Every structure is written in structure tokens, then in C-alpha cells.
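The following questions and answers examine selected features of a predicted model. Please consult the sequence and the structure alongside them.

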Amino acid sequence: MATTAAAPAYPATDSYVGESGVWSWLTTVDHKRIGTLYLFTSIFFFLVGGVEALLIRIQLAGPNKHLLSAEAYNQMFTMHGTTMIFLGIMPLSAAFFNYLIPLQIGARDVAFPRLNAFSYWVFLFGGLFINASWFFGAAPNGGWFGYAPLTTLQFSPGLNIDFWVLGLQILGVSSLAAAFNFITTIINMRAPGMNLMRMPMFTWNAFVVQFLLILAFPVITIALVFLQFDRFFGTNFYTIAAGADPLLWQHLFWIFGHPEVYILILPAFGLTSEIIPTFSRKPIFGYPVMAYATMLIAFLGFGVWAHHMFAVGMGPIADTVFGVTTMLIAIPTGVKIFNWVFTMWGGSLKFTVAMKFAIALVALFTIGGISGVMHASPPADLQQTDTYFIVAHFHYVLFGGSMMGIFGGIYYYYPKMTGRLLSEKLGNWHFWLMFIGMNLTFFPMHFSGLYGMPRRIYTYDAGQGWELFNAMSTWGAYLLAAGMLIFIYNFFVVGRRGPIAGNDPWGAGTLEWSIPSPPPEYNFARIPRVTSRLPLWDVKAPALNAEVPHTDRGDRRLDVDVGSKHAGHSHPNPANSYPQQATEAGMHIEEATGKSAKDLGIPMPNQTIKPMICAFGMTVMFTGLLFIHKDKMSLAIATILTGALIMTLSLYAWVLTPLEDHH
Amino acid sequence: MTHAAAAPSAHDDTHGHPPTSTGLDNKKIAIWAFIGSECMLFASLISTYLIYKGRSVVGPYPHEACLPPGCSTPLKAILNIPVTSASTFVLLMSSLAMVLALAAVENKDQPKTTTGEKILGSSKLWLWMTAILGATFLGFQAFEFTSFVHEGLTIRTNLFGSSFFTLTGFHGAHVTAGVLWLLTLLAIDYRRGLGPKDAINVDLAALYWHFVDVVWIAIFTLVYLIK
């Protein structure tokens, strides 16, 4: 770690610390603070989802247990899935999108800082909205996939599904608004020299995920609108007696649902692709192929949805086509696995906690991927569908994949976010408890599934050969809970007084490590001029970067003006993009100066409460619909109109106020 | 390499921000991403309409007469293609007005001498024209919806009613949002005048407006014209 020793140590207080206090958090438009809010909120929801999982496992620990009633159990597994997907993994990924994308591409903020704040507040209110259902004893109970017609008014008369439908609509707005923002940020706010094929792998994965979001979410929006209309206004979209197709919901849901799977995993892939090269002291193996594989996974991800529906009897042609396209996805995914392995091959490996989590992702996701290829085959799937085998599969990809990658990302980026290092000792306890606990929980589920144990049953009789495997799974869940407690202690208590990290505690090569930790509000005092894929290694460890291309072809392209009116405003050509000239070309390391944006004359957006009020108004508007089923029509209309008024007025106030003071 | 330092220059009209990577305004990229997303929204609505076409178990139907027992009284095909053709024409003309409004804003600073130049150069006139044509289209839609309800087709009647009203209602809601957007631009135009600096904001409204128009062409063809 010679490079780390070269970085001067400084007390964290020297770094610029922004305003504190509740008001500053409510009004913040800083992508780093919003990322922090996302991180804390989603860790909270992740714990809620974890408690739900624990209750499920306690219930299933042995035969004929009745801790939860059948109804409570339905609510528990529905909310476990919904929470983990929409309030856990997605916003945990969003925390990293927010925090890292501008830092990795050399920007001072996202393209639309206020829209970014809006996305966070909508997410928070949506999450609270869905979870408020617990207090009415009416938590959603139709599964995270909410299959209609089961979820229509005829079969699910309570408020449960209303909370679910409206909550998901609110959360969808958050994801879409964030996705427009990040797409624009990545396309348009890259530092000079940071052409697309030089972007860090995390940003590449994030970029592709945003396209999945904007193309997949409108489909579930419409599926939910149909369900909403059926439930509130008596339409017939899912009414079989009126001639409706019982598969309409399944098709629409899975056209969203399968890309959603990649929305959940690709950010973790991105984090892993940052961690493994750093701790192997090698550039990532096959960088362009990694980028293309990400795009190919996303593209194919839109053509495989019906493999979730083999059991409904679509006929041999549809089954074959969707089986084959599903197996095709194994190719780009396998490319990624091999590229990570080849990155490590021959590297000087350093087994930090972050690296262990990243390697765990490679191993465990491979297991989940292989069982995925197994039920890509329709005949095999017919045996496995709706059994615990499927539960084992998707927990290997979501827990073994997404969560391992995200935990790795948290250990890796915690020093950047806070300026201090997490305890590696506690981190090792956390990692091994998670790794063993995860395998103990989910590996036996393959067997209970193959022995015929169906999903979503709230209890089972003895003597079917399921007892041992279920007992193992429950013990594994206890280990996971213990691991999470250690993580929480490490994250919230130990990390606060951990050792000072400095700019670059790991000796990494990407831009975010060239600035102080935590970064000042403006990120970069001078926008860096990027000279290769690993610009920091050009400065600090050129030998590691010798084989990475340093062509200037991409940079020259930046000189071409797209709009003639902007002549002269495009990036000047950083002509010499060779490592030895990197510092001259403008790639530099910034030390903590304690100077504010004002001191440096850097324009910053003003703080504002309006996005939060707008998000609040929107949530009130959706809440109004709940009253329809309580036959309080006038209250419903009054609430909806009030919410709409708050939303519209704050939206106008927001849009008509300039982002920053004029100068 | 004189530009190597990213310090903002005084006469830089980017207000001290570094220039964008593409040279395009951020908002322009965001609106295209938004339009891409909207394509999937309408694709889902239109697909559902087409999947449910001909599956209603009771009338009225879009293109076929409905005789008892499907309908209590005999009903003719419910879609009124001549009236909708007129409203389609109105909406298409609004796109033309939108193009002229954007051109008028972009060329606000150029001297205008002839009456023709003055008319073409009036952003208020063309923004009003676009908004009025859009509102006229909405009027046609209100008329259509009301007459359908009188003929016994509501959103609850059958699959055709549900999918038709939801699809065209979503489109109508988009037109309504567009009209409000245009009226907002008009209010700004009256307060301080829209000039070339505002062209990007008018351009965003125009892109949205044309998109909503293009969606209507798809709906008109697939729902009304093709039996």
C-alpha cells in the first residue's frame, strides 16, 4: 500500500463539512447527502424486511407451528418480498448511484439536483405508505407479484392490496424520476476526456440500469393502473367473467419483472467490478466486453419474461422460445464471471472485507445462475416452479449476488462517504456469519424444494422429509441476523471513530479517490482531465495502468460540436493522453482545503424544501384513493384534490425558481 | 492547453459550470429519456386494447353492430370515424402551430418588417393557437366520451369500454398536461416575453407536444381505422 502512505493524513474536520441540522437534510439538493439519506433509509427498510424474513423462518422451523396465522403469514411473505426489492435493494443501489455517479465521472452534482431530492422524498413517503398498512392490520397479502385476478376486489376485498398498488405507484415515480436524472448526468456531465469507454464499470452498470428502469417501469405502471381502475372504478381488465385474459397481468408484470431482476443485480455487479480490480492491483479484465455484456444482459432481459410462466401452459413454441432466450442470458453473465476471475488471476490479491464480499458474489451468484439455467428448461421448471427450489435460486442471486455486492460496496465506499474506515475485524465476523448463514439458510431450500415443499405455505405436516432442511434454514437465518447486528454495530458505532481514511485508502484507480474523504460539497475544486480508464493510477501507479489504452481518439471526438450554437463550449482536446504526461494534462489529486464553494467561486444549487413538499402532496393524493373503499367518497375527493393542489403549487414554485443565485 | 484549468471565465454563458459532454442542454436529454419511457407506457396501453379487441362478451362494440341478446336494443358500431378524423386533423394542425411558436421564440431578436413576418414572429399568437387547437381536440374527446355514455358504453360496460376509455383517457390527460404547459409558457411570455434564451424551454414543450401527437396517430390508426 505504498500509494496510501504517500497520501498525507489529515483530521477529518479539516475536510469541508457542510451545514448540519434537520432542516439542512430536509432541504438538501447535494447528491452526496441524498445518497446518504438513501443509504440510511434503505438500511432501515432492509432491517424491517429482515425481521419479516426471520418471522417466516421461525414459523417454518418445524412442522405445525402457529406463531403466525395463515393470514399474517401471507402478509409477512408479501411484505418481505416487496420490502426487500423495492425498499431494500433498489434504494441501496440508488444510494450508490447518487453518491458515486457524479464522483466517478468527474461532475459536481447530478444534472437535476432538485429532481434528485424529489426522488428520495417520494421513495421515503412511498415506503412509509406501504408500511403504514401494518397499523391498519391490512398489510398487502397477495405476494410481491400481486397476481390478478387474485388481487381484484372480488377475491381481495380488504385495503391490503390497495396499499400495495398505490405504494408501488408512488415508488415507481421515484425510480423513474431518478432514472431520467442519472441518464442525463452520465450522458452529459462527464469530465473532459471521460468518454463512454473510459467510464468506471460501476457507472456503466448504473447507466444500463437506468435504461432498464425507464423502459420497464411504465409497463408495471400500466398493469397497476388497470388493477387500480378495476378496484376503484369497476373496470373489467382482470374480470374473467367479462372475457378478460387471466394471463394479462402475468405478462405485463413479468415484462417489468424480469428486467427488474437485472435492475437489482447489475448495480452489485458494478460495485464488484470496482472492488476486484482494486484489490487485485490490476485493471479489470476485458473492460469493453464487460460493458457490452452489461448491455446484452439488459437487452436480452426484455425477451425472457415468460419463463416465469411456463406452468400456465403457453404451448411448446412459446415455451421453447423463452427457454432458449433465457439460456442465452447465461452467456453474457458467464462472461462477467470469467472476467472477474481473470482479473484476480495473477493479481496481488488483498483480502479485505470488501474483497471477500465481492468474491462471495462471484461464487454465490454463479450457484444461483446455474440453478437459473436449470429452470430455463420448461420440463425442469414444471417440477421446480412454486417450490422452495425457486426460493433457493432467487435468494442465491439476490442475497448471494445483490446483497453481497452491496455489502462489499458499503465496506469499500464507507471511507469515501465518512472519511473513516470500518473495523475490518468486525467486518470479518459480519462477512463469515453472512456467508455461512446465507448458505445454511438457502442451500437446504434446494432440497426441500426438490422434495416437493411448495412456496408460500404457512405451515406443514411432519413426515414429508422437510423437517431437517427447514430446521437448517432457520438456523441459517439466525446466523444472518447475528451478522446483521454486527454490521449495524460496525456501521453506526465503531465506524464513527474508525481510523482516518484519507483520499484513497485502498489504492484505487478511479476519479472518486482523487478527492478528499468525505468529498467537499463541490466534489472537485478543479474538474479533472481524464487521460485513461484509471486516471488516478496514471498519476500514482502508472505501471499498473501500462496496458490500458491511452488513445486520444475518444477525446478528439469531444471536439465535434453537436449544436452549432455551442461552438467553443465543448471540451478542449486534452491532446496528450499518455501516462507520463497525465499531470500536465490536468489529472490531479485534490487535498482537503476546508474551503467552501463560495471561497472558490464555484456555483452551487440553493437548498430548497419544495421537492419534499411536492413529494408529500403526491403521496397525499394517492392516499385519498384509499378512502374510496371505505365508502367515504367526499373525503376521498377532498384528500385527492388537496394533495393535487399541494403538488401542483410546489411544483410551479420549484420550476419557476432558478436552481442557483444569478451571478 | 490554455483551457486546462477549469476555472470559469467571466464571459462564459454556462455560469461557471463546465460545458456539457454533448454540447446539448441537460433538459433536452432528459426529455428524450422521458419520451422513451412514455413510449413503453402507451405501448402497454395499446397492446392491451389490441389483445382485448373482440373479446367483449356484451356490446356496444367499436366496429360491429350489436344486436340482442348482446345489447338490449340494437346498436350500430359505436366509433364515429368522421368526427374523430376532424379532431385528428385539429391535433395535427396544432403540431404545425407548435413548430411556428418555437420558430417565433428562436427568432424573437430578428427585425420584422412585413405583416407576414410579424404574424409568423408572434410567439404569443402561435402558442395560443397550439393551446386552442389542443383544447379543441379535448373538446372533441369530451363530446365523444359523452355520446358513448349516452349510447350505453361506459368504462365499466365491457372490455372494449375499459380498454378504450383508459387508453384514450390517458392520451387525453397527456394533451391536458400539454395545454397547461403551453398556458404556463404563455403566462411567462406575457410577463416578461419569451426570447431566444428561452428557446430550450419551448423546445421541450414542443417535443412533448409532438410526441403526444404521434401517439394519437398510432391510436387513431389502430383503434379507429383498422377494423
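Q: At which residue does helix H13 (residues 388-418) of chain A bend?
A: The helix H13(A) bends by about 40°. A proline, A:Pro415, follows within four residues of the bend. The residue at which H13(A) bends is A:Tyr412.

Q: How many of the 31 residues of H13(A) are buried?
A: A residue counts as buried if 20 or more other C-beta atoms lie within 10 Å of its own. H13(A) is largely enclosed by the rest of the structure, because its buried residues number 29 of 31.

Q: Which residue with a positive phi follows H13(A)?
A: The phi of this residue is near 85°. The residue is A:Gly419.

Q: Is H2(B) roughly parallel or roughly antiparallel to H6(B)?
A: Helix H2 (residues 81-106) of chain B packs against helix H6 (residues 199-225) of chain B at an angle of about 165°, and their axes are 10 Å apart. Angles over 145 degrees count as roughly antiparallel. H2(B) is therefore, relative to H6(B), roughly antiparallel.

Q: How many residues of the contact of H2(B) with H6(B) are nonpolar?
A: Among the residues that meet are B:Leu91 and B:Met98 in H2(B), and B:Trp209 and B:Phe220 in H6(B). Four residues of the contact are polar and three are charged, while the nonpolar ones number 14.

Q: Is B:Cys66 buried or exposed?
A: B:Cys66 lies in the loop between helix H1 (26-51) and H2 of chain B. Its contacts include B:Tyr61, B:Cys71 and B:Pro74. With 23 other C-beta atoms within 10 Å, B:Cys66 is buried.

Key: Residues numbered from 1 in each chain as written. Chains lettered and ligands numbered in written order. Predicted model: local features only at pLDDT ≥ 70, side-chain atom pairs only at ≥ 80, totals over all residues. Axes fitted to C-alpha atoms, helices over the stretch in contact; angles between N-to-C directions. Helix = DSSP H or I, 4+ residues; strand = E, 2+ residues; numbered from the N terminus. Parallel < 35°, antiparallel > 145°, perpendicular 65-115°, else oblique. Contact = placed C-beta atoms within 7 Å. Nonpolar A, V, L, I, M, F, W, Y, C, P; charged D, E, K, R; others polar. Bend = angle between axes of the 7 residues up to and from the residue. Buried ≥ 20, exposed ≤ 12 C-beta atoms within 10 Å, placed from the backbone. Lists of a residue's contacts leave out its neighbours within four places in sequence.
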